[in-house]
Amino acid sequence: MIKPLLQQHPRVTVSDSFWLKYRQLVREEMIPFQWDVLNDRGNIVIESEREDATIPTEKSHVIENFRIAAGQKEGHHYGWLFQDSDLYKWIEAAANTIALEKDEALVAQVEETIELLEAAQDDDGYLSTYYQIDAPHLKFRRLFESHELYCIGHLIEAAIAYKEATGSGRLLQIADKAIDCIEAHFGKSEGKIDGSDGHQEIELALVRLYESTGNRKYLDLSSYFLEVRGQNPHFFAEQLEENDRLGLQQGPKPVINTVYHQAHKPVIEQDSARGHAVRLVYMAQAMAGAGRHKQDEKLIGAAKKIWENIVQKRMYITGGIGSTVRGEAFTYDYDLPNDLMYCETCAAIGLLNFSNELLKTETDSQYADIMERTLYNSIISGMALDGKHFFYVNPLEVDPQASAENPDKSHVKATRPSWFGCACCPPNLARTLPAVGGYAFTQKEDEVLLNLFIDSELAGEQAGEPYTIRQKHTVSETGQTVIAVEKASSEQLRLGIRIPYWAENPVLVVDGQETVAESSNGYTYVTVISDSMAIELTYTIAINEIEAHPLVKADKGKVALQRGPFIYCLEEQDNGKQLHLLALTGSVRPRFRSDKLLGDSVFLEAEGELQVMEDGWQGKLYRVHQKPQTIPKMLTFISYYNWGNRSLGEMQVWVDKEDKHV
């Protein structure tokens, strides 16, 4: 039974110091910095995300591309086909920031940008600067790579955010005009294109637009793009062949990998994570959302199978996904190499939103567990603490020499660059972090779920009457959560509190009385009958040694440390070089320290050992096995998201456990 959500959007106010720090970074550093980059200002080095001479790294040129498309400048398009979306994500980041704190100067900046978009958009609604400037004859003709609908999807999401933040529908008018253009060109009718974009995004954006407006045509269009995908696996190749027959000059004709595009079979038949990681989770999020609104159990069931395959067999302990640089893709079950992985920041954000969408469909704390895992680890690791340097790839093991000299590891950066030739991740982070409060609660018609332990307040509505739920957390060696509920309605309010898997020995006290509450699907339920209720939850925050499934070859005999929602790692700065020679041998304890660069942090100190490079190895690459010589060594671990902020050096998440040498 699919439980419907309430149609109104509850307001969440975040007061959590951890997340307020990121909100401040977005407002004061990321948005101005990224605006300068999009305008080709600022003295920065743009790096390719991997060793590939075809990646454009001279400049961003995003704003200039729109000016050329608008006829305000002359010139050619520069950069990737899809980088219009960098601007749309920047607008969404600005809108999400304005929603939290009014900023007239930023509003004026966005309005100026909207004016440019209005000028650039064709009369029929078409908007994609590369094809407008340099290849108008190929509009919608190379869908395997063009990203035309992908970019419009990000435009739609930006327009929704801006409308919610300011009340202005000006950007939505541009988006609607673009959607009219898409409807005129795509569909089952004769003469229309019966296919989809190579990169999924518009599907989930249309679901969001339906939720925002209630207009069914957006949901129907999303459903069309989901349903048509994979019905004809040869669609992309046939379109290129048709271009040749029509005499359209189009450059080299590649071999299409339909699995990479998740176009090898219909979406409801796809039951495992295959192909490009970002595209897959964007598609699956749309499947879950459209399935919920249409009460389509097959669509939801297929999305759940994909999610289960990811989190049970193809996800890193940090919440990162994508095991190979080749196609930025999934490989096969339990193939999780720590030094060759991809773990793109955008993919982690996609998994966050996919999990959140499934939680709206089905109450199960597993979805919130993954939301928390991605947020606190593989997402925020994608940016430096200055808000001006970013990872495209979030590795679990780094050796700077290997990154520099092994071409198979060129995508594994040892430090965060300022910007990328493919710059999808930095603005994706900027739009996500101000909206983090939206993941803390889920409001359904018959229950409210508290998903994440983030100091915040939910202002919702029940039976036309307001209610508020406030959560406040104190975390040191132990944890305490205080929840206050106030409501005006005489009807009962059913509150489900997720007890995190890392919170041991939880004790629940309701209005001063210790309580054994009903639990279901990972949530502990409290029914609020009176107009107010005080709830207190205490628990132990254990330090856990996590092991991987035995079929994950890369982690055999190793453990990773976790405290609360945070995964930890070793860095060269604290432990010296050759981290692979270290092993964990004894107890682990937290150390609360103030670091000049990392701020107030919880480090972990552990009893360990270091394998000694004795003289017997001199002049030898191999020898008959001998028991390694070791010396005791105290190991220092920092939270994974903090790595790479202090110095250039090695990093490692998984560490040998002492019994490896037994």
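Helices (H or I, at least four residues) and strands (E, at least two) are taken as DSSP runs, numbered from the N terminus. The structure is a predicted model, in which local features need pLDDT of at least 70 and side-chain atom pairs count only at pLDDT 80 or more, whereas totals for chains, interfaces and linings use all residues. Residues are numbered from 1 along each chain as its sequence is written, and side-chain values use heavy atoms, with hydrogens and water left out.

Glu157 lies in helix H6. At 5% relative accessibility, Glu157 counts as buried (under 20% relative accessible area, with a 1.4 Å probe and protein chains only). Neighbours within four places in sequence aside, Glu157 is in contact (heavy atoms within 4.5 Å) with Glu92, Glu201, Leu204, Ala205, Arg208 and Arg431. Between Glu157 and Tyr342, the separation is 185 residues in sequence and 26 Å in space, C-alpha to C-alpha.

Residues up to four places away in sequence not counted, Trp19 touches Val14, Leu375, Tyr376, Ile380, Leu433, Val436 and Ile454.

A left-handed crossing (the near helix turned anticlockwise from the far one by less than a right angle) is formed where H2 passes H4. The contact involves Ile63, Phe66, Arg67 and Ala69 of H2, together with Leu116, Leu117 and Ala120 of H4.

Terms used
Buried means under 20% relative accessible area, exposed over 50%, partly exposed in between (1.4 Å probe, protein chains only).
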